[in-house]
Amino acid sequence: MDLFGEAENWETKLKPILKKYKGKKHPLDYQNTYQLLVMVVLSAQDSDANINSISPILFEKFPTLKSLSKTDLETFIPYIAKVRNHGTKAQWLLEIAKTIQNDKDIPLTMSGLTALKGVGRKSANVILRETQKPAEGIIADLHVIRVAPRIGIIKESKDGNKVEKDLMQVLPKKIWSEIGMAISFLGRETCRPKPKCDECLLTDICLYYATEVQKN
């Protein structure tokens, strides 16, 4: 059996989590594309829960890109002071706001999004998935980086871009939009750093379960 090759029918094997998590909204509690963009930038190396906690007051003060484009760092920073690397992220967001100006002009393509300061492929993939745009990649957040090799879909790597590229090589494009988030939700809920294998939908196809759990 080729554990890391295209011979594996991963679409069928991953169906249980694709079905369970299909269309489930990202844990960031956004109300529109502008809020999603801002929160995705803020959430890098921080928790979704922390970003959700500061966002109501932030968006009450700055409800649109236009309002954000008219402020300055000194005024803006207190609203995101509890966010990790908030000084850098504040500069990125003000630059994005000044560049785009209007919410309706937020680019919804991989190239358009990754051209923005503070938006990498992972963030762009999240935005494309949440706005129902065609997938141009696969979300590879820290949960996916941990869980995908554990299942046996790809070999282990700490590099999110490599994990995404490897997943794109073995998974059919028609599931790209949903599979990254499905694996992420599995990692958040079940396949934690200390996995709850007895609750998992994928034990019958999981490399870790077969090699680590069953043999013990």
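A residue counts as buried when its relative accessible area is under 20%. By that cut-off, 47% of the 216 residues of the protein chain are buried in this predicted model. The protein chain contains 13 helices and zero strands. Its radius of gyration is 19 Å, close to the 17 Å that the globule rule gives for 216 residues, so the chain is as compact as a globular protein of that length.

**Overall form**

- Along the sequence, the pattern of the protein chain reads α-α-α-α-α-α-α-α-α-α-α-α-α.
- A box of roughly 60 × 30 × 25 Å, taken along the principal axes, holds the C-alpha atoms of the protein chain.
- Among contacts in the protein chain with a separation of 6 or more, 62% are between residues 24 or more positions apart.

**Surface and charge**

- The side chains of the protein chain include 33 positive and 26 negative ones.
- The centres of these two sets of charges lie 1 Å apart.

**The nonpolar core**

- In soluble globular proteins, nonpolar side chains tend to be buried together.
- Here the largest nonpolar core has 66 residues.
- Ile153, Leu171 and Ile179 are the residues with the most contacts inside this core.
- Helix α3, which spans residues 33-43, gives the most to the core, with eight residues.

**Helix α10**

- Helix α10 covers residues 142-151, and nine of its 10 residues are buried, so this helix is largely enclosed by the rest of the structure.
- The buried residues of α10 are His143, Val144, Ile145, Arg146, Val147, Ala148, Pro149, Arg150 and Ile151.
- The cover over these buried residues of α10 includes α1 (10-13), α11 (160-170), α12 (176-189) and α13 (207-213).

**Helix α9**

- Helix α9, residues 121-130, is mostly covered, with eight of its 10 residues buried.
- Its buried residues are Ser123, Ala124, Asn125, Val126, Ile127, Leu128, Arg129 and Glu130.
- These buried residues of α9 pack against α2 (15-21), α3, α8 (110-114), α11 and α12.
- After α9 comes glutamine 132, which has a positive phi near 55°.

**Residues in loops**

- Glutamine 45 sits in the loop between α3 and α4 (48-61).
- The phi of glutamine 45 is near 60°, a positive value in a residue other than glycine.
- With a relative accessible area of 58%, glutamine 45 is exposed, because exposed means over 50%.
- Asparagine 85 lies in the loop between α6 (73-76) and α7 (86-100).
- Asparagine 85 also has a positive phi in a residue other than glycine, near 55°.
- The relative accessible area of asparagine 85 is 40%, so this residue is partly exposed.
- Aspartate 204 belongs to the loop between α12 and α13.
- Aspartate 204 is exposed, and its relative accessible area is 66%.
- Lysine 194 and aspartate 204 are 10 residues apart along the chain, and their C-alpha atoms are separated by 18 Å.

Conventions:
Residues are numbered from 1 along each chain as its sequence is written. This is a predicted model: local features need pLDDT of at least 70, side-chain atom pairs count only at pLDDT 80 or more; totals for chains, interfaces and linings use all residues. Side-chain values use heavy atoms; hydrogens and water are left out. Helices (H or I, at least four residues) and strands (E, at least two) are DSSP runs, numbered from the N terminus. The radius of gyration is taken over C-alpha atoms; the globule rule is 2.2 Å times the number of residues to the power 0.38. Buried means under 20% relative accessible area, exposed over 50%, partly exposed in between (1.4 Å probe, protein chains only). Contact means heavy atoms within 4.5 Å. Lys and Arg count as positive and Asp and Glu as negative; His and the chain ends are not counted. The place of a charge is taken as NZ of Lys, CZ of Arg, CG of Asp or CD of Glu. A nonpolar core is a set of buried Ala, Val, Leu, Ile, Met, Phe, Trp, Tyr and Cys residues joined through side-chain atoms within 4.5 Å.
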